[in-house]
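Let's take a walk through this structure together. Keep the sequence and the 3D view open as you read.

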Amino acid sequence: MADVEMETQMGLDSEEDYGELSDAELQEAFSKGLLKPGLNVPLEEPKKAVNNIEGLKMCLAEFKKNLPWVERLDLTNHPAVDVLAKIEGTLNKKQSSGEIDAEDDFQREMYFYRQAQATVLEALPKLKKLQIPTKRPDDYFAEMAKTDQHMQKVRKKLMQKQMAIEKSEKAKKLREQRKFGKKVQVEVLQKRQKAKKAMMTAVKKYQKGMTDKLDFLEGDQEGKKGSTASKSQMSKKGPNAKRKYKDQKFGFGGKKKGSKWNTKESFNDVSGFRAKTAHGKGGKKFNKGGKKNKRPGKETRRKMKARK
Amino acid sequence: MIDHSILLDRLENLVGVTVMALSWFRSYLTDHYQIMNVNSESSVLTKVKCGGKWKNKERVLVFSSRGINFRTRHLMQDLKTMMPHSKADTKMDRKDKLFVVNEVCEIKNCNKCIFFEAKKNMDLYMWVSNVPHGPSAKFLVQNVHTLAELKMTGNCLKGSRPLLSFDPKFDKEPHYALLKELFTQTFSTPQYHPKSQPFVDHVLTFTIADKRIWFRNYQIIEEDASLVEIGPRFVLNLIKIFQGSFGGPTLYENPHFQSPNMCRRLMRMEKAARQKERQMVKEIRLEKRKEVKEVLTEDVTDDVFVTPAEEKPKEVEHEAPRPSKSKKKKKHFQIMAKTGKRQKWR
């Protein structure tokens, strides 16, 4: 800044004039300490923008027309409070102070929208008082700023957009359904295979004589109820019987010679003796279960008939 | 001041208006009430027997210079649609100086003017001025969207009076206050203008953001202030405010304004600087390679592990040697190779 100071002292402000300075003057300045050694370049003051505040105010005062509000219909207001943002808690300090971020399109447009809203909310009661209508009655037909044709186009576009959204949603749903359906199908097939396997094993077991119950033929209803019970029973007896037999035959060193010969104990064991069967008198069991309806003889029948 | 009953009579008999149209006129003109508001005191509700008098004689001339593109033309048309108190004029020759605009306005009997100027088919400048003596302002217009855009779905009556909404920042600075007054007088439709509609169904907003003025136009749908944008929309970047109309001493100059030429120049310079940098880096690399490399002093222990290489044959073979017959049993594959057919495994 020493250079500028020097210039203003000398009353100079351009390079050409600077060159006209005599050496003596330069030497003087150098001795005073204003000039530093090296190349001194004159600095230009930055251009100041004109801001004639007094002029502006005067102009405004002259220019202003004091019209009633009805003629002007203008309002100055802050934007309406952003209800949604408040609820969400995203209201940041910048917005509340009035600084808009011009880059964030959505925020910016919402700010303008809210400003217009605030104006409308303030102005409508005023207009009502002044008897100026704001609502167009349904039978009032007049030329609109945009033609009907244009509005049809707008409507078409909106419909198209909606349709596109719906289509994409449908497609998504279908995809989800198909995935789910596939899962369900796989599950059902597996279930069927399991059921088949269970049935086959049950049949085989019956064939081999391990279970004597024909529960598996009754199907799903009983199968579900009895399956658990029969399962536990089978688990008790099933392999055990076979195992038992085999153990008996081959276990502990192989076949026992003379296992069917009588021993003292088996000879003296009379638990299997049924006296009545032995004497041939347990006849009732072997009968048909008593005479149910014995038909009377010929003579008796004839007599009965004659009596009637 | 015309009596409505007499007017209807004349329409029916002299002009020959049909029954249907006549009933429309009658329904509009009867049962009209009016209220007078003086110094915030309102009078009793009285029936209007004759239409209100149009007092505020504000007329705006909207026109442009040559060399504008389709968007500007549509914007001008939209402004004329929005403002029933506007008039149009032919394009001005660029040879004429700017103060000629004042004369054009006088001829057309307008006291405000919106003049569009297009430069280089790219930049659009807008002048808003109070014609005989008043202030004028020059703006750079950006981000123009016209009424015809399908994204803006609102609609309003042609010639209906707008509400004007200003940002409170307009009251804080004197130059903004002046602009506010200018906009209010230019854009507000006078009451009882013959081409205007009596309903107030749209609102124009002027907001200051990022040191620019943003203009939006919304339609009022419901009483609870639900709005839809109608358009047009644009952004104004203030350049200068003059005391006179299209001339005169400068009252205010926007320090943040950068002319579009300057913007483009800066972008080009940036690109050029980047190119230069890249070139310089390349050159430096080439220089480095060409440099004479330092010869390091020989280390005695370098030769310790060097073993003499085998002697290479003097004759250099150019063709590959023929493959020798291998002794492996390759019967199957040989058969395959010869016949090209698949044979059964044995």
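## Polar contacts across the interface

In this predicted model, 32 residue pairs are in polar contact across the interface of chain A and chain B, both residues having pLDDT 80 or more. A polar contact here is a pair of N or O atoms within 3.5 Å; within protein, one atom must be able to donate a hydrogen and the other to accept it, and residues adjacent in sequence count only if both atoms are side-chain atoms.

Which elements of chain A give two or more residues to the side that touches chain B? They are helices H4 (53-63), H5 (69-72), H8 (105-129) and H9 (148-208), plus strand E1 (74-76). Helices (H or I, at least four residues) and strands (E, at least two) are DSSP runs, numbered from the N terminus. H8(A) gives the most to this side, with 16 residues. Sorted by class, the side has 33 nonpolar, 13 polar and 17 charged residues. For that sorting, Ala, Val, Leu, Ile, Met, Phe, Trp, Tyr, Cys and Pro are nonpolar, Asp, Glu, Lys and Arg are charged, and the others, Gly among them, are polar.

## How much gets covered

Chain A puts 63 residues into the contact and chain B puts in 78, where contact means heavy atoms within 4.5 Å. About 6,300 Å² is buried between the two chains, and carbon and sulfur atoms give 62% of that. Buried area is the accessible area (1.4 Å probe) that two parts lose on being put together, summed over both. On the chain A side, Leu56(A), Phe63(A) and Glu71(A) lose the most area to chain B, together 11% of what that side buries.

## Strands and salt bridges

Strand E1(A) runs parallel to strand E10 (residues 160-166) of chain B, joined by three bridges; two strands pair if DSSP finds at least two bridges between them. In this pairing, Asp74(A) stands opposite Leu164(B).

A salt bridge is a side-chain nitrogen of Lys or Arg within 4 Å of a carboxyl oxygen of Asp or Glu. One joins Arg233(B) to Glu109(A), with the closest N and O atoms 3.5 Å apart. Arg108(A) forms another with Asp105(A), at 2.3 Å; both residues lie in helix H8 of chain A, three residues apart, about one turn of the helix.

Where is the cis peptide bond with omega of about -5°? It joins Gly231(B) and Pro232(B), and Pro232(B) sits in the loop between strands E13 (227-229) and E14 (233-244) of chain B. Over in chain A, Gln131(A) has a positive phi of about 65° although it is not a glycine. Gln131(A) is found in the loop between H8 and H9.

pLDDT is the predictor's confidence in each residue, from 0 to 100. Chain A has a mean of 80, with 81% of its residues at 70 or more, and chain B has a mean of 85, with 85% at 70 or more. Over residues 1-18 of chain A, pLDDT stays under 50. The model scores ipTM 0.70 and pTM 0.62.

Residues are numbered from 1 along each chain as its sequence is written, chains are lettered from A and ligands numbered from 1 in the order in which they are written, and side-chain values use heavy atoms, leaving out hydrogens and water. Since the model is predicted, local features need pLDDT of at least 70 and side-chain atom pairs count only at pLDDT 80 or more, while totals for chains, interfaces and linings use all residues.
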